[in-house]
Structures are given as structure tokens and as C-alpha cells.
Amino acid sequence: MSDPKVPLPTLLSGGDDPGAVRIAGPGQLQAGVAVMSPDLASEPLGDYALRHGLRPSAERPPVFTYLGELWRRRHFILAFATARNIAMYTEAKLGQIWQVLTPLLNAGVYFLIFGLLVPINRGIPNYLAFLVTGVFVFNFTQRCFISTSSVVTESLPLIRALQFPRAALPLAYVMIELEQMALAMAVLVVIVLATGEPVTWYWLLVIPALLLQTIFNIGIGLFAARLGAQVNDFSQLLPFLMRTWLYLSGVLFSIQNLGLIKNSFLASHQWVVPVLQVNPAAVYITLVRNAIMATERLSAPGSRPYDAAKCSVWQDAVRHGANLPASQQYDSAYCAASAHVTILHFWYFGIGWAALALVVGFFFFWRAETRYGRG
Amino acid sequence: MVVVDDLNIVYKVYGSGGDRGSAATVLLRALGRKTRGNIREVHAIRGISFIAYRGDAIGVIGRNGSGKSTLLRAIAGLLPPEAGNVYTTGGASLLGVNAALLDDLTGERNVVLGCLAMGMTKQEARAKFQSIVEFSGVGDFINLPMKTYSSGMGSRLRFAIAAAKHHEVLLIDEALATGDAEFRVRSHNRINELRAAAGTVFLVAHNLEEVELTCNRVIWMDRGQIVMQGDDVIGIVDKYIDASGGIPVERDPVTGKRLHRAVGGES
């Protein structure tokens with residue numbers, strides 16, 4: 001149908017021969033007789049178009065052209081993020097104060113429940129800081145994932161009206177969450193200091209850790225943006241997926257410690273421990289905890305040479321929920337008998353996940369570039 | 001420049017039976033007893049071919065549901081062709097009636113964002129800002145969220161933003177319909193400027209007088225096909241009015257201009 005062997009009766013404007021253009025009734029195919037343009041007489045329309053440098057309108061731009069266009073839109077991405085951020089809070093009476101208030105309230109709830117009502121520290125020396133750090137870092141990824149999954153639907157009018165690389169939209173949404181995360185980090189620093197953690201040079205490691213997490217979030221954001229645009233059921237499934245991921249990522253408990261507690265599921269299925277530990281959310285959480293919490297660094301199994309006796313005392317105490325004396329609180333450090341995941345491995349995995357997510361997410365999103373406006 | 005080569009557009013409507021989301025249907029589908037509802041195909045565009053040159057302003061007229069908007073969306077690359085193809089120089093921008101940019105943001109931010117999205121630098125956007133606001137004529141409303149705008153004001157601002165940049169192809173789908181007389185004159189002039197700068201403009205409008213005034217060519221569509229097209233704009237418009245049973249327009253025999261001002265659209 002699309003490749004006519006004979007030139008189509010092209011319905012050109014009459015030009016120099018107005019008498020030639022004329023009528024037929026409604027419903028007749030290709031009604032109206034065409035005037036052939038002289039240079040069209042011998043070639044199909046498609047060839048004519050390509051010869052004049054035209055491109056199919058529904059064609060995807062090449063990767064590098066696309067990336068170039070995206071780079072040209074960097075100001076748009078930032079301006080869009082800022083504008084959305086402001087719009088998000090204009091309806092609320094307290095306005096942008098909510099940006100700080102939300103993480104504070106979050107932390108307050110966790111303190112109330114896990115700090116006062118149900119102290120289940122499971123051998124973690126500074127459980128409150130451990131918990132709040134985990135919640136904030138996980139929230140960053142979670143919010144990116146959820147907000148980008150609706151970015152295409154929310155911006156449909158913009159997509160239809162203006163030409164720009166669509167990847168700018170999920171990128172902007174991740175930037176919004178990054179700003180939110182920066183404020184949450186300020187709150188986090190106050191909480192962590194209040195729990196007695198010292199300020200050390202290790203704190204600087206928060207910056208590369210969050211940078212890697214942001215790259216990872218951009219990747220999954222691009223991924224979620226396409227899924228959310230094309231699979232309507234995705235938004236129904238998302239809360240469930242995120243909750244499962246939260247529980248598997250060691251936000252509320254230490255994956256490593258659970259593996260050390262005798263008779264636990266993880267202790268009898270040791271291979272599950274590293275699998276859970278290297279999942280991206282757990283990796284970034286661990287990296288941030290290690291950066292800002294000296295208690296985490298000191299109690300990490302493997303940070304002291306293996307000592308079966310000290311470890312055993314620690315394991316028994318934790319298993320029975322007994323309170324360890326201050327001198328023994330860090331004794332999980334003596335528990336790494338053999339090969340285990342060290343902090344350096346976490347950095348490798350953090351880099352790997354970020355790179356993988358970015359590449360896969362970008363290509364996944366880019367492949368459907370011309371389809372986002374359909375809705 | 002736009003080349004439309006034997007374009008066919010088919011919409012697939014899933015589960016037109018109306019019980020798509022019901023639990024029983026989903027269960028049957030999951031068990032493989034039933035395929036994805038009843039797929040209904042709507043053949044919206046049936047084999048259209050034409051060439052639009054640089055500097056053309058083409059009016060697309062026809063009844064509701066004749067495929068005008070679908071044609072524009074296909075040119076904009078928003079709909080995949082079932083068969084045939086659409087070729088354009090550079091991206092085509094589509095302005096529709098309900099194309100609110102970002103409703104909860106102020107007009108001011110929408111202007112800046114629109115400019116940046118079209119690929120302008122910050123300086124260019126700042127330089128264009130004043131002229132866009134003046135062109136749109138929304139006045140003090142520029143500091144209010146766009147959702148507070150009347151539909152006319154919204155479309156004025158959108159058109160002003162889109163028109164701030166040179167477009168190879170600009171597609172206007174009834175976007176000017178809600179503007180007042182003053183704005184029509186301005187947008188008319190701006191379309192002529194775009195044409196003079198070698199752009200191609202498509203205009204879908206039910207206000208036929210607007211088509212007569214703005215366009216140098218017209219395409220009359222019906223049921224996804226071209227009934228008539230050519231640069232005898234007045235002749236084709238008159239035949240369209242005749243075919244839809246409207247009252248013939250009285251025209252000056254020499255210039256073809258309307259002798260009395262028609263109110264609203266004829267169709």
C-alpha cells in the first residue's frame with residue numbers, strides 16, 4: 001500500500017494549471033484529479049520526500065542526536081523541576097516548609113514506634129540513626145520510581161504541543177526528588193548528630209554515594225516512565241512492589257546481622273544474605289550508613305579479626321533480645337569467619353548498578369520515544 | 001515542507017464491549033478463553049496523499065469526525081501510520097484546543113518553560129519573554145496560574161509561546177477558535193510571517209472565514225479521505241458549505257470577499 005509502483009495521483013495545488021484540479025463526491029477514494037509536479041512524474045512520493053531531505057515524522061532520532069538535544073534542554077530540565085516543585089506546594093498553607101516537614105514527620109513516626117514503643121534493635125548499636133538513614137535513602141529511590149511512572153501521563157499536553165526529547169521529563173522529576181533529598185539529608189544530619197554519632201571525614205563519602213544513587217534513580221526513572229506510560233496496570237502494582245522492595249532492602253533491620261543470628265532463616269540459607277545485600281537499594285543505604293555512622297563502621301562484621309568466642313556471646317545476646325553491655329555492643333565486628341561482602345564491594349556494586357540502570361533505562365525509554373504523545 | 005504519502009491511520013479500540021475492566025472478563029482472558037476483548041478498528045484516515053510546500057498555509061475543513069485532527073496528529077508524529085507515511089522537515093508542533101501547558105503554573109513560568117523546551121537558551125528565552133506576553137495580551141494574568149485563565153486567554157498564551165520560535169511545520173487544531181477578534185488579527189499576521197519565513201502551517205478550523213483569510217490552500221476531508229483540495233480556497237469552501245446544506249455566502253464577484261460578516265462557523 002505504501003510503495004506504489006506508479007506515481008500516485010498526487011493532489012498538488014493547481015499551480016499553473018488551475019483547470020486540472022477538481023471534484024468528486026464524499027467517500028470516493030482519492031477524489032479530485034491531481035496535477036503532477038514536473039519533477040514528480042517518475043518517482044514515488046516517499047523517494048521524492050527523502051530526496052528533499054525530509055524524514056518520516058514518526059521516526060526515532062538517532063541516539064547521539066537525541067543525547068545532544070537532551071543536553072541542549074538542560075536548562076529546561078532544571079527550570080521544569082523548580083517550577084513543578086513550587087507548584088506542588090502552592091496549594092498547601094505551609095508551602096515549601098513541607099519539604100522539610102515531611103522528612104521530619106517521617107522520622108518522628110519511626111522514632112515513636114521503633115525508638116520508644118518497639119525497641120527491636122537486633123544488635124544494632126545506634127538503631128534510630130540506622131533506621132532513619134535507611135528510610136530516607138530508600139525514600140529517595142521510591143519517590144523517584146513512583147513520580148516518574150506518571151510523568152508521561154501528567155505532561156501529555158506539553159508533549160503534544162512542543163517538540164523536545166521526552167527523556168527531559170523523567171530527568172526533571174528525578175531532579176525534583178534530588179532537591180527533596182538534599183533537604184531530607186539536612187534533617188538526617190541533625191538526627192544522626194543528636195544520636196551521638198561523631199562528625200568525621202567519612203561524611204564526605206555521602207556525596208559520591210548519593211551521586212551514584214541519583215544516577216541509578218535516573219535509570220529506573222526512565223524505565224518507570226515508559227512502563228507507566230504504556231502499561232496502565234503498572235500504577236496499581238507499584239505500591240506493592242515498593243513495599244516488598246523496602247522489606248528486602250534492610251531498611252528496618254540489618255541483613256547482615258540477621259544472617260548471623262543462629263536458627264534464623266537467613267542463617268540456614270546463607271546464600272540469601274549476599275543476594276539481599278547487593279540489591280541496589282540495600283547497597284546505597286549501606287554506603288550512606290557507613291559514611292555518616294561511626295557505629296556502623298565499628299560494628300560491621302569483618303572490621304575486626306574473627307573471634308569465635310566474642311562473636312558467640314554477641315549472637316546469643318541478640319538472639320534472646322538481651323541488652324548487651326556497652327563494651328560488647330560492637331562485637332558483631334568479630335563475626336566474619338570467611339569471605340563476606342565488605343564496604344569496598346558495596347562501592348563496586350553501587351557503581352555497577354548506577355551504570356547498568358542508566359544504560360538500560362535510557363535505551364528502554366528512547367526506543368519508545370515517538371509513542372509517548374499518543375495517550 | 002510536508003509530504004503525506006498514501007497515509008492510512010487505524011485506531012484500535014480494545015474491549016469496546018464496555019466490560020473491559022470487569023473481573024469476569026479479566027479472568028476469562030487470563031484463562032485464555034477469551035482474547036483481549038473485542039478489538040474494534042476505526043479506519044480514521046484512508047489513503048491520503050499530498051505535498052505541502054514551504055510557505056503554504058493549508059486549511060483543513062470537513063465535518064466532525066472526518067479525520068482532520070487525526071491527520072494533524074499524524075503529521076506531528078504522534079500517531080503511527082498503519083500504511084503509507086508522513087515525511088516532514090524537522091519536528092512539527094501541534095497546537096490543540098485543550099493543550100494546556102502546565103495548568104498549575106503561572107503564565108510567566110509557562111512562557112519560560114515553553115521557550116526552553118523548544119530548545120532556546122536562557123538568554124533567548126529572556127529576550128523573547130516580553131514580546132510573547134505582549135502578543136498574548138493576557139496582561140496582569142501572566143502572574144497567575146494558567147488554570148485561572150479563560151479558555152480564550154489560555155489559547156492566546158499557548159499560541160504566543162509556540163509562535164515565538166520559527167517552526168518548519170506548525171499545526172493549529174482549532175487553537176485560535178476561542179480567541180477574540182483582536183487576537184485573530186494578530187495570529188493571522190503571525191501565521192503570514194511564519195509562511196514568509198518558509199514555514200508550513202496547517203489550520204483546522206470550523207470558522208471557514210478564518211480559513212479563507214489565512215490559507216492559500218484548502219483540503220476538504222470526509223470520512224478519512226480527501227474530497228477536494230487545491231488553492232481555489234473560496235471555491236472549495238463554497239462547495240463545502242453547499243454540501244453541508246449551509247446558506248451560500250454572498251461574495252464580491254471580483255475579490256471573492258464576503259459581503260456580510262458571518263457570525264461563528266457555518267458547519
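B:Asp6 counts as buried, because 21 C-beta neighbours lie inside 10 Å and the cut-off for burial is 20 or more. The residue is found in strand E1 of chain B, which covers residues 2–13. Its backbone deserves a look too. B:Asp6 is not a glycine, yet its phi is positive, at about 45°.

This is a predicted model, so the coordinates here come from a predictor.

## Confidence and overall make-up

The predictor gives the complex an ipTM of 0.75. The pTM is 0.81. For chain B the mean pLDDT is 81. In that chain, 85% of the residues reach 70 or more. Where pLDDT is low, the predicted coordinates should not be read in detail.

Chain B holds 8 helices and 9 strands. It has 267 residues, and 50% of them count as buried. Take the contacts in chain B with a separation of 6 or more: 68% of these join residues 24 or more positions apart.

## The open sheet of chain B

In what order do the 6 strands of the open sheet run? The order is E5-E6-E7-E3-E8-E9 in chain B. The pairing is mixed. Strand E5 (92–95) and strand E9 (225–230) are the edge strands, and each pairs on one side only. From one strand to the next, the twist averages 20°.

Helix H6 of chain B, residues 181–196, packs on this sheet. The helix touches strand E3 (57–62), E6 and E7 of chain B. Its direction makes about 145° with that of E7(B).

E5(B) and E6(B) pair in the parallel sense, over 4 bridges. Within this part of the sheet, B:Ser93 stands opposite B:Leu170 in E6(B). Which way do the residues of E5(B) point? B:Ala92 and B:Leu94 point one way, while B:Ser93 and B:Leu95 point the other way. All are buried.

The next pair is also in the parallel sense: strand E6 (residues 169–173) and strand E7 (residues 200–204) of chain B share 5 bridges. Here B:Leu171 has B:Phe202 in E7(B) as its bridge partner.

## Helix H6: one face in, one face out

H6(B) has 16 residues. At 1.5 Å a residue they should span 22 Å, and the end C-alpha atoms are 23 Å apart, which agrees.

The buried residues of H6(B) are B:Phe183, B:Ser187, B:Ile191 and B:Leu194. Seen down the helix axis, these buried residues fall within an arc of 75°, so they line one face of H6(B). What covers them? The cover includes E3, E6 and E7 of chain B, along with helix H5 (151–163) and helix H7 (208–214).

The other side of H6(B) carries exposed residues: B:Ala181, B:Glu182, B:Val185, B:Asn189, B:Glu193 and B:Ala196. Just after the helix, B:Ala198 takes a positive phi of about 65°.

## The loop between E8 and E9

B:Arg223 sits in the loop between strand E8 (217–222) and E9 of chain B. Is B:Arg223 buried, exposed or partly exposed? With 17 other C-beta atoms within 10 Å, B:Arg223 is partly exposed. Its phi is near 45°, a positive value in a residue other than glycine.

## Helix H9 of chain A

Helix H9 of chain A runs over residues 206–230. Its 25 residues should span 36 Å at 1.5 Å a residue. The end C-alpha atoms are 35 Å apart, which agrees. How many residues of H9(A) are buried? The count is 19 of the 25, so the helix is largely enclosed by the rest of the structure.

A:Leu227 is found in this helix. It is buried, with 22 other C-beta atoms within 10 Å. Leaving aside residues up to four places away in sequence, A:Leu227 touches A:Ser149 and A:Phe234. A:Leu227 and A:Arg60 are 167 residues apart in sequence, and their C-alpha atoms are 18 Å apart in space.

Technical notes: Residues are numbered from 1 along each chain as its sequence is written. Chains are lettered from A and ligands numbered from 1 in the order in which they are written. This is a predicted model: local features need pLDDT of at least 70, side-chain atom pairs count only at pLDDT 80 or more; totals for chains, interfaces and linings use all residues. Two strands pair if DSSP finds at least two bridges between them. Helices (H or I, at least four residues) and strands (E, at least two) are DSSP runs, numbered from the N terminus. Axes are lines fitted to C-alpha atoms, for helices over the stretch in contact, and angles run from 0 to 180 degrees between N-to-C directions. Two residues are in contact if their C-beta atoms, placed from the backbone, lie within 7 Å. The expected span of a helix is 1.5 Å times one less than its number of residues. A residue is buried if 20 or more other C-beta atoms lie within 10 Å of its own, exposed if 12 or fewer, and partly exposed in between; C-beta atoms are placed from the backbone. pLDDT is the predictor's confidence in each residue, from 0 to 100. The arc is that of the directions from the helix axis to the C-beta atoms.
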